[in-house]
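Subject: The model, and what turned up in it

Hi,

Here is the structure I promised to pass on.

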Amino acid sequence: MDGYLLLTFTMERTQEETVDAHAEIIEHLSETADDDNAVDAAHQAFLRLPVEERQPFLRKLVSASAAMNDSRPANQPFNGPWMLFKRLGAKPKEPFEGSEEIQKAVAKLAAENCLRLPKSITALGVIEEDELKEICIRGACSRDEKMRYLYPSMKDERSISLDLTSVTQQIDGAYLERLSAILQFEKFLGYVKLPQLKYEKQLMLGQKNDLAYVGYKFVFEWLKTKGVVKIFEISVVDLELPGHSDQSIIHILDGWDMKLWDWRRFDISSSTISQVAPHVEEVVLYFSGRKAVLESWASERGLIVLESLKKLTIKAFPEVEAYTASDIYLGQFETTFSKMVRAADREVIINTTFSGASPWALPHAQSGHLSVEQMSKTHFWLNHMEKFALEVYNLDLVDDDDKEIAKPSVKIALIDTGVNIGPGQEDIIVAKGRSFCAGGRDWFVEPFVHGTHMARCIQKICPAVELYVARLDDSTKYSEFTVRSATQAINWAVDLGVDIISMSWSFSEYNNASSEVNNFREAITRAHQKDIILFASMKDQAPLREDFRDYPIGLTETIGIGSATRYGEPAAYNTKGIAQFYLPGEGIQLPNPDPSNNGELTEVTGSSTATAFAAGLAGLILYCMKLVRIPLKDSEVDIAEKRIQHAHTTGGMTHIFQRMCRGNDFLEVWEVFPEELRPGEYEGLIDIQKVVEQLLPDVYVRRKKAHY
């Protein structure tokens, strides 16, 4: 038997019978998770517990099993408790005393710990699905764990939070409209976090003469239109003077009744909080140093009226009085308020902190500007492909009844730093996005400069792309991103059935755990086995250690891309290894995604840019093949389908790219793609068909297998 687990249950126990009963259950669960007889025995021992002991025991079982798993090898998890959970969560063959309450308790604990039971407890009619969603979203599990619990299929995923704190551009109706086209929200949100918004004075509803700030109102009204009915945590920056009045805040938050309050305005009135969040459990307040404010908070009509309050945090930023005086005031407040809490027979955790730094600082993306001379430079390769791509994209097909035929789709996953979808970026179309950032930063907030550049490069060459954006975890200070988030992003893209994955980055095995690297390689292999075309970027700097390899560049399942000069020569900064192919990557002119630069151009250079172009080119090729397949009759489809199947593999696309190289590894696209199509639907299709046949001749398709 696991001694540590038994110890967990015998601590603070004095009744010998109870200890023995608990020990018997754990003994059975420790034998093996796959032994039905052992689980049956544990189940019977559980039913012999007194009714009042059952639910507390289950909660401790969860905690203890989690502690045990932390100390066990990953391939030997302690699954016995979960097997008992599944048994208890199912409809019992013979109902026992308190069986319905136990089912509810099991369902709630499973939701809280993101354990998906084999059969939904809601089917038994003992608990509502919405209640389980609330428990899960409010729980302490990571966002990824919650998403797996809530949405077994990634195609059904919805956003369970909204964090715009890193957005430095104007957040207005147009910005939210852009988000509406991309985001689908769950009805319950874990949190909404908003930065300092730029707003104008507007008339409060129902008042003729009183002017007040109502800038945040439109955000919460928008969330209602998106189906959101409850927000558990609200955090709002409100620094600009005079800021929202108490009346404005009440008007904005009326009806939301959140559980955590963090409105970042100095010296906010406790009556304001109690009016809009009467059931709040955690409050964060910002104190400027004025004694009268603390006295108000500690009065009988102050914070004590918040009967559900469990935690209070006061962050002091003395501006009017000295630190010493403020420290004394806070001490007096804590003494007074603690007495009031004890008198009410309640418990509230009180934390007070001092800070000399502003609580409102937000990160800003950095980017340089270009001279007129630099902006005038163009790339022949890029100009040529852009013109052809637009000609193809604008070619409309109609059926025999003159009805427009739906265009084919190409799904490309961009795994990077996220994408800006705000003002000035309306031409970037994102089908779906997901962030794997541990810090909670979403995929469409800053810093997103690199990812936005890559998205634009892909879309330049493949305007018909359905872009799936995955944000890497860039919250760590020890590396640009975590390997774990890259693995998660690849698996996410695979589950969504993308055609191509673009990875304009690399990492070294030198400073990453071997287990993380192995998991990453397994994800790459999984994508390859699903016939997803994988593009990887060459390093643009010297390796950390020559005896350690870099990923994903160099893996046989990927196509390695390097940067070329405008003359087709490998760029001098390609310092590690030899790429399979070279595409333009020097001096590319793109709109600056930094909101403060008003759409000015910036110069982008590197193998990452070339990789995005390669992904876009592969997408364009697949699009052309699917397009010419549409008008074919059944008897003509075979070769077209085989061509698409062959091109839809890493090996097949490698062969196609090789056919565009003339004596070197630079893709001379002008040898295959015309700059424009002939006028007319039929003539245009014929021109595209010629391109397709040149890239992958019929005779090659007939004698080659569809897959490498």
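To begin with a definition, a charge sits over a ring if NZ of Lys or CZ of Arg is within 6 Å of the ring centre and within 35 degrees of the ring normal. Lys193 does this with Tyr191, lying over its face at 4.6 Å from the ring centre. Likewise, the charged end of Lys407 is over the ring of Tyr393, 4.4 Å from its centre.

Please keep in mind that this is a predicted model: local features need pLDDT of at least 70, side-chain atom pairs count only at pLDDT 80 or more, and totals for chains, interfaces and linings use all residues. Residues are numbered from 1 along each chain as its sequence is written, and side-chain values use heavy atoms, with hydrogens and water left out.

Next, the aromatic rings. Rings of Phe, Tyr and Trp (its six-membered ring) pair if their centres lie within 6.5 Å; planes under 30 degrees apart count as stacked, over 60 as edge-to-face and the rest as tilted. The count by this rule is 19 aromatic pairs. One of them is Phe333 with Phe337, which is stacked because the ring centres are 5.5 Å apart and the planes are at 10°. Both belong to helix α14 (residues 323–343), four residues apart, so about one helical turn separates them. (Helices, H or I with at least four residues, and strands, E with at least two, are DSSP runs numbered from the N terminus.) Phe333 is buried at 2% relative accessible area, and Phe337 is buried at 0%; buried means under 20%, exposed over 50%, partly exposed in between (1.4 Å probe, protein chains only).

Phe481 and Trp505 make an edge-to-face pair, because their ring centres are 5.1 Å apart and their planes are at 65°. This pair links distant parts of the chain, 24 residues apart. Phe481 is buried at 8% relative accessibility, and Trp505 is buried at 8%.

Seven strands form an open sheet with parallel pairing, in the order β1-β2-β5-β6-β7-β8-β9; two strands pair if DSSP finds at least two bridges between them. β1 (162–163) and β9 (349–354) are at the edges with a single partner strand each, so one side of each has no neighbour in the sheet. Strands β7 (residues 282–287) and β8 (residues 311–316) run parallel and are joined by six bridges, and Val283 has Leu312 as its bridge partner in β8.

Best wishes
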